Every structure is written in C-alpha cells, then in structure tokens.
Amino acid sequence: MRYLPLTPDDRAQMLGVIGAADIDALFADVPAAARKRELFDLPKRAGELEVERELGALAARNRPAGDGTFFCGAGAYRHHVPASVDHIIQRSEFLTSYTPYQPEIAQGTLQVLFEFQTQVAALTGMDVANASMYDGSTACAEAVMMAKRVTRREKAILSGGVHPHYAAVTQTIAHAEGMTIVRQAAAIDAEAAVIDAIDSTVACVVVQTPNVFGVVTDVTKIAEAAHAAGALLIVVTTEAVSFGLLKSPGEMGADIAVAEGQSIGVGLNYGGPYVGLFACREKLVRQMPGRLCGETLDAQGRRGYVLTLSTREQHIRREKATSNICTNSGLCALAFTIHLSLLGEVGLRQMAALSHSRARELVGALNGVCEVLTPRYFNEIAVRVPNASAAVEALLADGIVAGVPYSRLAPEAGLDDVLLLAVTETTTSADIAALSAALKGRLGR
Amino acid sequence: MTMNNVGRPTAPGAAATASGHTSLTGARGLLQDEPLIFELGGWDKTGVDFDPPDHDAYDLGDLVRTAPIGIPGLSEPETLRHYVRLSQKNHAIDLALYPLGSCTMKHNPRLNEKMARLPGFADLHPLQPQSTAQGALELMDRLAHWLKTLTGMPAVALTPKAGAHGELCGLLCIKAAHEAAGNGDRRRVLVPTSAHGTNPATAAFVGYSVEEIAQTADGRVDLADLEAKLGPDVAAIMVTNPNTCGLFEREIIEIARITHAHGAYFYCDGANFNAIVGRVRPGDLGVDAMHINLHKTFSTPHGGGGPGAGPVVLSEALAPFAPAPWLVHGPDGLELVEEARDQAAQTFGRMCAFQGQMGMFVRAYAYMRSHGSDGLRQVAEDAVLNANYIKAVLSAEMTPAFPDGPCMHEALFDDHWLEGTGVTTLDFAKAMIDEGFHPMTMYFPLVVHGAMLIEPTETESKRELDRFCDALLALARAAKAGDVERFTGAPYLAPLSRLDETMAARKPKLTWRPEHATPLAAE
C-alpha cells in the first residue's frame with residue numbers, strides 16, 4: 001500500500017523488539033466478541049489511476065458553476081480567486097501542520113492568524129476578531145450564545161431577513177442552551193421591525209445586511225434601540241465582499257459582527273469547508289468563543305505570536321469554557337488572508353464595485369420581465385417569479401442555473417414565488433442577457 | 001585548497017567551523033525575519049487586475065463606506081514571498097514525524113488534494129439544483145456507506161464540521177431522543193477524568209451538568225464508580241475508546257450494557273478510531289453515537305488548525321433525530337432533505353448552513369478507496385505496531401504510564417523518570433524542537449503527571465521511528481546526566497525562543513494597529 005512505509009521485515013523486527021508473538025497480541029485488550037477476523041465487505045485497495053477514474057466520473061456528473069450561466073448566491077458566492085492563493089495554501093508547511101500549540105515552530109501559521117484577525121476587524125469595523133469559526137452560520141449561533149453570557153439574559157430576536165439556515169442553526173443551539181429565540185416572519189425589507197420587539201429581557205437582536213433577500217440596511221437605529229434596552233446588536237453578513245463597498249457593522253453600532261468569509265479566497269466547495277468570521281468590541285473579548293492569536297515577545301525580546309486567552313477554551317476550562325470549539329477553519333482563513341493581501345483595499349473595493357455594477361445591470365435587464373423586490377441591493381436581488389422552483393428547473397434546459405428559489409431555503413415560508421439572483425465580477429453581460437431572455441420566455445412577457 | 005580559474009576558493013576552509021555567528025540583519029540564512037502584511041503592503045497597491053465597472057457603483061447613498069478600510073495590498077510576487085517566508089517558520093508532517101498524541105498527524109496523500117479540486121466538486125454551489133449535483137450526492141452516499149460499514153452503525157449524520165461539532169451533534173441527538181421519550185429531566189452527563197476537554201465543554205454547551213468518572217490504576221474507566229454514578233437523571237456517558245491513555249477499554253461492552261440498563265446513551269469520542277479501523281466496529285461494542293474526525297483517521301489535512309470534519313454515526317435509536325439535511329434515494333435520484341416530512345423523522349435541527357464539509361468528504365473518500373478494506377486494516381495494525389515499538393524502545397530511559405500490556409496507537413509516558421533532573425516535561429518537549437521534531441502532546445491526559453503522549457501514526461517508516469527514538473533517548477540521557485541548560489533554555493535553534501504567554505494574555509494585542517507597530521529589528 002503506497003501510503004504505508006513498513007515492510008514485512010520491518011514489522012517482524014519490530015514485533016521482536018516489542019516482544020509480541022504477532023500483531024493480534026497487540027489487540028489483546030479488545031473483547032474477543034468484537035475482534036473482526038475477516039475483512040469488511042468493502043472494495044480492496046486501489047491505485048491512484050483507479051481512484052482518479054472513479055472520482056473523475058463522479059465529478060463529471062455535476063455541473064460546475066464555471067461551466068456557464070450561473071446566478072446562485074443565498075449565502076455562497078462564486079468569486080474569482082487568484083491562482084497564487086491555492087498554490088500557497090498547498091505548501092506542506094501550511095497544509096500539513098497542526099493547530100499552533102508550539103509557537104516556536106508555528107510562527108508561520110500564527111502570524112497569518114494575526115493578519116487574518118486584523119483584516120477581519122478592519123473589514124467589519126470592529127476592534128478584535130478571532131482566528132475563525134466553522135462557517136457564518138455557526139459564528140451566528142456562537143454570537144447569540146456570547147450575548148447570553150455578556151448580558152445574562154435569555155432571549156434573542158432574529159429579523160425576518162436572516163438567512164433561514166443561519167436562523168435554524170442558531171435555534172438549534174439556543175434550544176439546547178435553554179435560550180428563547182424569537183424569529184420574525186420572513187420579510188423582504190424589514191430588518192428595522194426588530195426594534196418593536198426589543199425590551200429589557202432581550203440579550204441581543206440579530207439582523208443581516210445585505211439580508212437573505214439582498215436588501216442592504218443601515219442598522220444604526222437598530223443599534224441605538226438595542227443599546228437603550230441593554231441588549232447587544234449582532235450583525236450578520238453572508239457576502240464578505242460587500243464590506244468593500246458598504247458601511248461596516250462597526251460603523252453602524254454593532255457589538256458583534258459575524259460573517260461568512262467564503263467569497264474571499266475559499267470557493268464554493270458545495271457548501272464546505274468555509275470560514276466563519278467573528279469580530280466584536282474590545283470590552284467583550286473575554287467572552288468570545290474560539291481561538292485567538294496575540295502578539296508577545298520571545299525570551300530574547302523578539303516579536304512573536306501565540307494562541308492566547310485560552311482560559312476561555314475547552315482544553316483549559318473544560319465544562320466552563322465559552323464554547324466547545326477546538327479545530328476551526330485555519331487553512332480557509334489562510335486562503336482568505338492571502339486573497340485579501342492580493343486584493344488590498346484597492347482590489348477589494350474594485351471587486352465589490354464590479355459585483356454591484358453587475359447587479360445594476362441585472363436589474364436593468366429584468367425591467368419589464370419580472371418584479372424586482374429588493375429596494376437597495378449589493379450584488380443579490382429577490383425577484384417575483386411564479387413557482388420559482390419549477391422555473392429554475394425549466395431554465396436548466398437553456399443552460400442557465402437561474403439562482404436559488406427561496407423555497408429551497410425555507411419550504412414552509414410560503415414564498416414560492418421568490419427567486420434569489422446573485423451576481424459577481426465573474427458574471428458576464430452575456431450571462432445577464434441570457435437569463436433575462438429565458439425568464440422573459442418563461443413568463444410570457 | 002582547490003581554486004577555480006578566477007581564484008574563488010571551492011573548499012570550505014575555516015568558514016565551516018564558525019559557530020555562534022549572528023547576521024547583521026537578523027536573518028539566519030534561508031530564514032528571514034518577515035514583517036506583517038500591514039507593515040509591508042501599500043494602501044494603493046493591489047495584486048489583481050480588474051477592469052473598471054461599467055456602472056457607477058455609488059447609488060447607495062450613505063450606505064456606502066467612505067472611511068478607509070485599512071487593508072493593505074501587495075503585488076503577486078511580494079505576496080508569494082511574504083507567505084512563503086512565513087511558511088518556513090512552521091513545522092509540518094512533510095518535514096518530520098509529528099507525534100502529537102490524540103491528533104493523528106499522518107501523511108496527507110496529494111491525490112486527495114487533486115480530487116477535491118476537480119471543478120465538479122470544488123466549483124459546485126451548495127444550493128444549485130440537485131439534479132445538477134448527482135455525482136456529489138453520490139460521493140456523499142458512498143462515503144456514508146463506508147463510514148457505516150467500518151463502524152457497524154446503521155446511520156450517519158455527515159454535516160458536523162469538526163470533532164467537537166460532531167460531539168455537539170451526538171449529544172443533541174441524545175437530548176432529543178430523551179425529550180421525545182419524555183425523559184427530558186435527565187440532566188447529567190458522565191465523562192472520565194481522562195477525556196478530551198471538548199467532551200465536558202460540549203455537554204455543558206447543551207445544558208447538561210458534567211460529572212467525572214474515576215479511572216482505575218490501569219488507566220481505564222472505573223466500572224464501580226460508573227455504576228455508582230449512573231442513575232435515572234443521567235442522559236449519557238461520553239467515553240473515548242481507545243482512551244486518551246492510548247488503551248483499549250477492556251470492559252467496553254459491560255460499560256455499554258450498564259449504561260443502557262440505566263436508560264442512558266453511550267456517546268463514544270471517536271478521536272482515536274485510527275487504532276481500530278478495519279479491525280473493530282464500534283457498533284459491536286454497544287455505542288449509540290460516535291463522531292469520526294475525518295482529519296484524523298481519514299487523513300484530510302489539518303491545515304494549521306482546520307478545517308476538519310466530524311460526521312457522527314448513530315444507532316437505530318438515535319437515527320431519527322439526526323440533523324438536516326440528510327440524504328435519501330428519491331424517484332429522481334439522490335436528494336437532500338432539508339425539513340422533516342413525516343413522523344419517522346424527528347430531527348433536532350441543523351448544525352451548519354449547508355451540507356457539511358464536502359471538500360473533506362472528497363478527500364476522505366479518496367483516502368478510503370485508496371486503502372480499501374485491506375489497507376485500512378493495515379492502517380490500524382501499523383499504527384498500533386509503531387506506537388508499541390516506540391513504547392518498547394523509549395522505555396529504556398523513560399517511564400511508560402501504563403507499562404503492563406500493549407498500548408494502542410499512542411504511547412503514554414509520565415515524568416517519573418525526570419524526577420531530580422531539574423528538567424520538566426515542557427523543557428523536554430522544547431528540546432525536541434532543537435532535534436528537529438515536533439513535541440508530543442504534553443500534560444494531557446490530566447490523569448498522568450507530566451504526561452507525554454506520543455502518537456506516531458502508521459505513515460512513519462522504521463527509519464524515521466528509529467531516528468525519533470534515538471533523538472529522544474539521547475535527550476533523556478542528557479537530562480539524566482545533568483545537561484540541564486539544553487532543556488531549560490530550549491528551543492535554541494527554532495525561529496524564535498520561548499514566547500511569553502503571560503504577557504500575551506495580560507494585555508492582549510489581537511490585531512495590528514499603527515500605534516502598536518514594533519520595528520522588527522529594534523532590539
């Protein structure tokens with residue numbers, strides 16, 4: 001087997017050193033009833049060529065986003081990632097290292113995490129950020145739990161514009177923790193409706209901008225209302241590129257900003273791995289979940305980085321930890337950081353402007369074809385298309401993946417005629433013209 | 001001395017004997033000091049070329065960000081150089097044995113990386129029509145089949161994104177099952193003192209109170225203590241098997257039996273599945289739920305701290321409570337079901353935004369297919385053989401925590417043998433760095449004083465194992481001979497010496513700010 005270096009001679013020699021008669025002697029502690037003598041009913045080993053053929057055949061049965069006209073968003077966005085990003089993350093020293101518990105020989109990973117935290121804090125307009133979460137949705141759930149610890153209150157209000165899957169993840173965790181989640185009914189442009197639900201028992205309000213329908217909202221007034229009641233404002237963003245154009249959560253008064261960072265550096269990957277961004281005000285840092293990297297000095301006074309404030313974490317505090325998280329999303333955080341270093345402020349703003357520009361072009365092209373429901377958008381809009389789900393299936397025949405029907409996210413919401421369309425710098429004018437023509441044909445206009 | 005034709009010396013001469021030399025710039029040959037991106041990059045510099053947008057973007061009024069963001073940029077060559085220089089400050093499996101106990105740092109086959117990057121997997125959107133992703137769903141289905149077969153369990157939830165996330169998933173299934181049966185008042189979870197920190201943290205995270213189970217002198221669960229603590233208010237036990245002492249729980253079937261007799265569920269932490277894969281099925285041991293760290297046993301890269309993946313296999317009793325989405329064979333092919341459609345499913349909810357770590361599924365499946373049933377069995381056997389070999393060889397100078405009988409895939413030593421030397425486990429570990437190895441897991445499990453937990457994995461050659469053992473034996477002899485400075489000041493040869501963690505925690509600097517700037521070569 002190509003990945004196993006021991007030879008039969010090695011094995012015999014090593015058993016001799018151990019003083020064991022055979023390999024079975026080393027498994028003597030396994031109860032006899034549970035020892036499997038025969039091989040499991042699975043195929044035997046396969047060479048590289050054979051594995052490539054099998055996986056290649058499976059991959060060929062899928063339609064990659066890059067194969068043609070494509071408008072899916074709703075929490076995952078197809079942006080162009082420079083080739084050098086993937087090259088760097090495949091370096092052995094990044095790919096095959098562990099969590100940096102030994103800082104003297106992990107400064108590469110640690111310095112990257114420090115850069116990542118600084119970039120995330122800058123993007124979100126917050127003071128501090130952690131070293132990443134699994135994805136945006138788990139970051140959102142952790143933020144709500146953090147608000148409970150900070151305020152010692154047990155109720156959270158989620159706006160109707162929060163991504164339904166994010167809301168579901170948050171509800172799942174909150175339910176287990178005995179926290180009450182008030183989830184407002186799905187509504188296209190109603191982030192501000194959370195204000196009416198705020199009272200002195202509320203730990204936090206969670207709003208999303210741009211929200212799941214693509215609507216961009218200035219949440220300043222929501223922040224004021226939350227703070228007046230002693231509650232925290234958590235702002236969710238599922239499209240990190242929007243930070244390149246829009247006012248940051250921090251500027252609008254958020255206490256915690258969480259986001260999906262997948263758009264920068266990571267790619268689509270059919271839903272994972274992604275990278276959750278988590279940032280907050282400095283005064284809240286000791287209630288934060290997840291790994292934090294901090295600056296310090298070595299014994300010779302040289303600047304270096306270590307994992308810090310680990311007394312919040314499970315490996316030290318066990319059942320008193322702020323979260324059970326251990327492994328996070330290190331390599332995706334690295335990809336994010338490299339891509340953002342390549343972009344810089346200039347490139348990020350250009351990428352965001354291009355994405356937004358495409359959306360304006362799309363809205364123009366759909367004029368007279370279908371109703372656009374999103375009043376203020378970044379790169380995603382909701383449009384009214386009867387039986388959106390069937391429309392998407394039908395448009396596949398024209399080679400167009402025509403976005404995400406809202407009913408795919410929330411089958412029971414009763415919004416079967418809402419279709420979510422996202423564009424990025426990868427979308428061409430030809431794509432937009434093709435979609436517009438196909439929808440026009442289907443809707444008979 | 002030989003000279004070439006323009007007088008350049010070609011023999012090393014005196015240069016080779018110079019020691020204690022320092023450079024003028026702080027660099028050490030190939031190893032460069034490297035500033036932060038914020039100290040290198042330009043605010044108006046970028047490493048990407050975009051065409052200008054066709055439309056003026058600014059129709060969003062005061063929703064537009066006007067203040068600077070604070071993200072510097074670099075050209076592509078500068079970016080490469082920055083991150084490649086940083087990479088050289090990391091230890092990695094590809095450099096040397098990486099014996100972190102409980103972490104299973106095995107070789108990461110590059111075929112798996114190639115497969116995960118096929119556009120048919122990497123460039124798929126999680127919400128695109130399922131008719132256009134049948135190959136991806138088929139791969140998930142095949143992965144599920146392998147995981148179920150290898151564990152002897154009837155169901156698997158694929159979505160958890162890491163080991164601790166898998167634990168959370170398993171306990172949420174257990175909690176939902178108790179609630180469905182009207183046993184929602186079961187509030188306690190029992191966890192052995194040797195458990196990973198994630199176990200008690202997870203139990204507490206879902207609202208359970210945590211109680212410790214004592215350990216016997218031979219490093220296993222104390223059955224009498226377990227039985228005494230089980231009761232009508234216990235929801236579950238969480239036991240790692242093989243345990244964190246590197247030992248198989250001999251009484252595991254009895255542990256499961258008495259747990260079930262008290263109406264509690266048996267959650268198994270599968271972090272150490274590598275020791276038994278292909279030889280023992282957790283389903284035959286009475287396990288109700290177990291997470292599988294794909295980044296350990298099935299070799300998806302650790303990536304400096306993730307991403308991992310933690311699918312959870314479930315018993316018949318827990319399967320109905322699995323999180324959404326789950327995979328079914330429908331009339332039109334495979335289908336992800338997002339919400340319960342009938343009484344049979346009583347899902348507890350959702351673990352993450354989409355369907356889990358697809359990129360990791362591809363890698364893990366490629367790994368499984370490459371090994372096959374025969375290769376996977378060999379994995380467990382070689383992993384256990386390597387650990388026992390290390391235990392046998394190092395016992396010449398070091399004291400194994402549990403000398404009697406074989407260990408499984410990791411060898412655990414205590415610090416008894418360091419007594420009186422003035423060298424601690426930490427010092428010893430740091431001295432390993434100077435010898436070119438990553439330290440083992442230290443001070444864990446908590447039940448062994450000064451613990452050193454060594455997990456070599458099956459992908460080490462005998463030559464590398466010998467090199468490692470020779471280095472540790474030489475260090476052990478040096479410690480015993482009174483060469484204390486070799487340890488207390490270690491590492492001497494790493495990019496940095498020991499870092500001040502107290503200072504880092506007391507006044508945390510978690511982001512770079514202009515006023516924080518510390519010139520690199522200020523000292």
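# Exercises on a two-chain model

In chain B, three strands form an open sheet in the order β10-β12-β11, with antiparallel pairing. The model is predicted: local features need pLDDT of at least 70, side-chain atom pairs count only at pLDDT 80 or more, and totals for chains, interfaces and linings use all residues. Residues are numbered from 1 along each chain as its sequence is written, and chains are lettered from A and ligands numbered from 1 in the order in which they are written.

**Exercise 1.** Find which strands of this sheet in chain B stand at the edges.

*Solution.* Strands here are DSSP runs of E with at least two residues, and helices are runs of H or I with at least four, numbered from the N terminus. Two strands pair if DSSP finds at least two bridges between them. β10 (411–413) and β11 (441–442) of chain B each have a single partner strand, so one side of each lacks a neighbour in the sheet, and these are the edges. Next, take one pairing: β10(B) and β12 (residues 452–454) of chain B run antiparallel and are joined by three bridges. Within this pairing, Ala411(B) has Ile454(B) as its bridge partner.

**Exercise 2.** Describe how domain 1 and domain 2 of chain A meet.

*Solution.* Start with the bounds, which come from an automatic or database domain assignment: domain 1 covers 65–80 + 345–443 and domain 2 covers 83–338. Their centres, taken over C-alpha atoms, are 27 Å apart. Then count contacts, where two residues qualify if their C-beta atoms, placed from the backbone, lie within 7 Å. By this rule 28 residues of domain 1 of chain A touch 24 residues of domain 2 of chain A. On the domain 1 side, α11 and β12 (380–384) of chain A are the elements that give two or more residues. The largest share, seven residues, comes from α11(A).

**Exercise 3.** Which element of chain A gives the most to the side that touches chain B?

*Solution.* In total, 172 residues of chain A are in contact with 176 residues of chain B. α11(A) gives the most to the chain A side, with 22 residues.

**Exercise 4.** Work out how α11 of chain A and α2 of chain B cross.

*Solution.* Axes are lines fitted to C-alpha atoms, for helices over the stretch in contact, with angles from 0 to 180 degrees between N-to-C directions. The axes of α11 (residues 330–365) of chain A and α2 (residues 76–87) of chain B come within 9 Å and cross at roughly 145°. For the residues, Ile338(A), Ser341(A) and Leu342(A) meet Glu76(B), Thr79(B) and Tyr83(B).
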